[in-house]
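Colleague: I am new to this structure and would like to learn how its features are read. Could we go through them one at a time?

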Amino acid sequence: MRPSSQYLAPGFFKRSLDEFKRLSNIALKQEGIRTPTSPYHLIDFSDPSTIEICKSMSDADIGGFSKSSLDYIPESSSESAHARFHGSISIELPRNNPQVQRTGYAAWRNHDRAATIFGKSLWNVDPYTYLALRIKSDGRKYLVNIQTESIVYTDIHQHRLFAQRPGEWETVLIKWREFVRTNYGTVVEPQTEILTQKVRTIGVGLTDRVPGPFNLAINRIWACNGLSDAEKVEGDARDSFPEKKLA
């Protein structure tokens with residue numbers, strides 16, 4: 001019996017060692033039996049290689065005319081390194097594909113994470129109350145999208161990314177339990193709680209169907225039970241979890 005190629009890939013053993021260190025650290029700090037105080041870093045765009053593990057999407061994939069890019073922006077004298085999610089929204093329909101009845105969306109998310117010796121790589125954020133995002137928004141109605149190992153593979157849990165200070169850097173906190181289960185953009189009933197033990201992908205989308213440019217800067221995304229003093233210094237945190245609404 002030969003091992004599959006994914007287990008012989010150069011990064012496999014490094015990923016496995018990193019995961020072993022993370023799990024060992026949890027055990028040493030007894031975070032499995034008490035509330036974690038350290039943040040759990042999920043996506044950090046200060047590392048330029050993070051862009052490579054993400055992908056951007058838009059209705060152009062089905063013949064539409066929206067444009068979407070996710071680019072790395074190096075550190076400058078005024079800003080930390082970050083990713084820039086930008087492009088333009090078009091609601092024009094493809095002329096030669098009558099099956100497409102709706103366009104006007106763009107999004108990005110991380111690729112499915114590569115396996116380790118412990119199996120499929122999934123984020124277990126169950127010990128944490130919040131998803132935190134360090135962003136600078138243009139004020140448009142973005143959605144945070146979460147995919148888990150759900151029974152229904154196409155389910156996405158969503159929540160509005162409520163920016164309080166467009167044009168400025170801010171930290172937005174969203175309670176994990178406030179995410180809404182959707183499927184192909186429609187709220188699904190009955191609602192089920194997000195499977196926080198098995199988070200597969202995290203991303204941001206724009207589906208407001210308002211034609212024109214968009215621009216969202218993202219520094220990093222992490223799970224936490226509150227902000228550290230250092231994170232509070234970066235800017236006022238906003239608890240963005242009103243009633244379960246996507247509009």
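This is a predicted model: local features need pLDDT of at least 70, side-chain atom pairs count only at pLDDT 80 or more; totals for chains, interfaces and linings use all residues.

Colleague: How many disulfides does the structure hold?

Modeller: A disulfide is a covalent bond between the sulfur atoms of two cysteines. Here the test is a pair of cysteine sulfur atoms within 2.5 Å, and the structure holds zero disulfides.

Colleague: Is C54 buried or exposed, and what about C224?

Modeller: Buried means under 20% relative accessible area, exposed means over 50%, and partly exposed is in between (1.4 Å probe, protein chains only). C54 has a relative accessible area of 9%, so C54 is buried, and C224, with 2%, is buried as well.

Colleague: How many salt bridges are there?

Modeller: A salt bridge is counted when a side-chain nitrogen of Lys or Arg is within 4 Å of a carboxyl oxygen of Asp or Glu, and by this rule there are nine. One of them joins R95 and E92, with N to O at 3.1 Å; R95 is exposed, at 69% relative accessible area, whereas E92 is partly exposed, at 34%. Another pairs R177 with E178 at 2.9 Å, N to O, and E178 counts as buried at 11% relative accessibility.

Colleague: Which residue forms a salt bridge with R200?

Modeller: The partner of R200 is D112, and their closest N and O atoms are 2.9 Å apart. This pair links distant parts of the chain, 88 residues apart, since R200 is in strand β12 (residues 199-206) and D112 is in the loop between β5 (106-110) and β6 (130-136). Strands (E, at least two residues) are DSSP runs, numbered from the N terminus. R200 counts as buried at 2% relative accessibility, while D112, at 38%, counts as partly exposed. Salt bridges that share partners join D112 and R200 with K120 and E149 into one network.

Colleague: Where does T148 lie, and what is T148 in contact with?

Modeller: T148 lies in strand β7 (residues 142-148) and counts as buried, at 3% relative accessibility. Contact means heavy atoms within 4.5 Å. Leaving aside neighbours within four places in sequence, T148 is in contact with I194, L195, K198, V199 and R200.

Terms used. Residues are numbered from 1 along each chain as its sequence is written. Side-chain values use heavy atoms; hydrogens and water are left out. Helices (H or I, at least four residues) and strands (E, at least two) are DSSP runs, numbered from the N terminus.
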